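Hi,

Here is the structure I said I'd send over. Have a look at it first, then read on for what turned up.

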Amino acid sequence: MNLGSSLSAARRKSGLSQEAVAEKLGVSRQTVSKWETGGSLR
């Protein structure tokens, strides 16, 4: 399991949307989506 899938699984287990996670972390929803899909893990 990679970081993106771990983040996605934890978010769903907590019942949170990508938008809710983004708000709590102070980032955009698109950023959370990229993290979950591995789009910006460099």
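Which pattern does the protein follow when you read along the sequence? The answer is α-α-α. This is a predicted model, by the way. In total there are three helices and zero strands.

Some overall numbers to start with. The C-alpha atoms fill a box of roughly 25 × 20 × 10 Å along the principal axes. The protein has 42 residues, and 19% of them count as buried.

Now for the salt bridge. The count comes to one, and it joins the side chains of Glu36 and Arg11, at 2.6 Å from N to O. Glu36 belongs to helix H3 (residues 29-37) and Arg11 to helix H1 (residues 3-13), so this pair ties together parts that are 25 residues apart in sequence. Both Glu36 and Arg11 are buried, too.

What about helix H2? That one covers residues 18-25, and Gln18 is in it. Is Gln18 buried or exposed? Its relative accessible area is 18%, and the cut-off for buried is under 20%, so Gln18 counts as buried.

Which residues is Gln18 in contact with, once you leave aside its neighbours within four places in sequence? They are Arg11, Arg29, Val32, Ser33 and Glu36.

Cheers

Key. Residues numbered from 1 in each chain as written. Predicted model: local features only at pLDDT ≥ 70, side-chain atom pairs only at ≥ 80, totals over all residues. Heavy atoms only, no water. Helix = DSSP H or I, 4+ residues; strand = E, 2+ residues; numbered from the N terminus. Buried < 20%, exposed > 50% of the residue type's maximum accessible area, 1.4 Å probe, protein only. Contact = heavy atoms within 4.5 Å. Salt bridge = Lys/Arg side-chain N within 4 Å of Asp/Glu carboxyl O.
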